[in-house]
Amino acid sequence: MPSYRDAISTTPASLPRSALARMIRLVRTLDRLSRLPAYRQLLEPQLPEIARFDPGHDAVMMGYDFHLGPAGPQLIEVNTNAGGGLLAYLAQLPGSPLAETALPTRLKSQLLNSFADEIRAFSDGRRNRPRGIVILDERPEEQYLFGEMKAFAELFAASWGVPTAIRDPSGLDAGPKGVFCDGAPIDLVYNRHCDFYLERPELAGLRAAYYARTVCLTPNPFVYGLLADKRRLVLWSDPAVLGMLGLNRRRIDLLTKMVPSSCLLAAGDLETFWVRREELVFKPVSRFGSKGVLLGRKISRSRFNALLPEETLVQQLVPPSLTQAEAGEPFKTDFRLYVYRTRVLGIAARLYHGQVTNLRTPGGGFAAVRLV
């Protein structure tokens, strides 16, 4: 299995300071939007039951992904279990080990404070840290970013003295009375599993604990439904709908200028989409990590005809910017902000070749960002 170091690039990517400022403003606008009662009421009929349940806290390590186009930064998607935050730090300091002891004090404080805020909100202020933590993913040892999960576990154990395990759902004893790992109670689950609405049978116990509020699950289905379900991009790019939700004109303009026009395939005429396909990208709403994303200029008619209209997001294509390497062809580039609520925890560039973002391009991966 490749090392996490294979996902770190030595080629820095440039980003204008003005673009970063706009990206941060957009993140804060979306956080504000997600908390408006009118926004939540509008979404409620569209959300599955579990996403309508408010656990009373937020979501650590949110990721906001941007392409840098001629009109400035454009939001491509939002993630609630964004991996790579520590690799983004390593890209800034090549050669540093991915370990708790190597992280700077300020970064450790920012990360720990976000998890502490979550457990305080979950416990109504009764706890500042959990008794036990599980980092959850599907077969975590097989995941490309398993090394990063181990670094988080070391951080919790060394800085807080809190026992931390990395587990697949099968390694938990979970139900309405709580979550237990090897017999020990778990107060906080750092959720890196990509079943965002906890629909798989193996997550039934965790789902029951979440509903019973016997565990702090972060990120969680509630925040995913508000911000990271790709269908939200349809709303954010529609000025008429935004105008009914209580945002001022400045914030509406920011959203509509920075969120590419988006709609469900079911919302339009299929033949029109086919004719316009070269300026579009097609994304399955229920998948993650660029899986199933199709550029219109490369899609065949048979593949297009097989798309599920209610499950496919159609988005105006914003090609990624390019970063020139010392040798070889330029890397396609996207930028990710790691965020807790409105606090930016870090920024990364991701360099790649091919149709969509990946961490397997030789010489590519997470890269240092140079502000210009």
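Reply: The second largest cavity holds about 50 Å³ of space. The model is predicted, so local features are given only at pLDDT of at least 70 and side-chain atom pairs only at pLDDT 80 or more, while totals for chains, interfaces and linings use all residues. Residues are numbered from 1 along each chain as its sequence is written, and side-chain values use heavy atoms, with hydrogens and water left out.

A cavity is a set of points, on a 1 Å grid over the protein atoms alone, where a 1.4 Å probe fits but cannot get out; a pocket is an open set with protein on both sides within 12 Å along at least five of seven lines, and lining residues have an atom within 4 Å of a point. Grid points are joined across faces, edges and corners, and a volume is the space filled by probe spheres set on the points. By this rule there are three cavities of 30 Å³ or more.

The lining of the second largest cavity consists of Thr80, Asn81, Asn191, His193, Phe196, Pro219, Asn220, Pro221 and Tyr224. By class this lining has four nonpolar, five polar and no charged residues (Ala, Val, Leu, Ile, Met, Phe, Trp, Tyr, Cys and Pro count as nonpolar, Asp, Glu, Lys and Arg as charged, and the others, Gly among them, as polar).

Pro219, one of the lining residues, is placed in the loop between strand E10 (216-218) and helix H7 (221-228); helices (H or I, at least four residues) and strands (E, at least two) are DSSP runs, numbered from the N terminus. The peptide bond from Thr218 to Pro219 is cis, with omega near 0°. Met61 belongs to the loop between helix H2 (37-43) and strand E2 (62-69). Most residues other than glycine have a negative phi, and most peptide bonds are trans.

The second largest pocket contains about 330 Å³ of space. Of its 16 lining residues, Leu107, Gln110, Leu345, Gly346 and Ile347 are the closest to the centre. Helix H3 (85-92), helix H4 (105-122) and strand E17 (343-352) are the elements that give two or more residues to this lining. H3 gives the most, with five residues. The lining of this pocket has eleven nonpolar, four polar and one charged residues.

The axes of H3 and H5 come within 9 Å and cross at roughly 95°, where axes are lines fitted to C-alpha atoms, for helices over the stretch in contact, and angles run from 0 to 180 degrees between N-to-C directions. H3 and H5 are therefore roughly perpendicular to each other (angles under 35 degrees count as roughly parallel, over 145 as roughly antiparallel, 65 to 115 as roughly perpendicular and the rest as oblique). Their contact, meaning heavy atoms within 4.5 Å, joins Gly85, Leu86 and Leu87 of H3 to Glu148, Ala151 and Phe152 of H5. The residues of this contact comprise four nonpolar, one polar and one charged.

H4 packs on helix H5 (residues 146-160) at an angle of about 85°, with the axes 11 Å apart. H4 and H5 are therefore also roughly perpendicular to each other. In this contact, Lys108, Leu111, Leu112, Phe115 and Ala116 of H4 meet Phe152, Leu155, Phe156, Ser159 and Trp160 of H5. The residues of the contact of H4 with H5 are divided into eight nonpolar, one polar and one charged.
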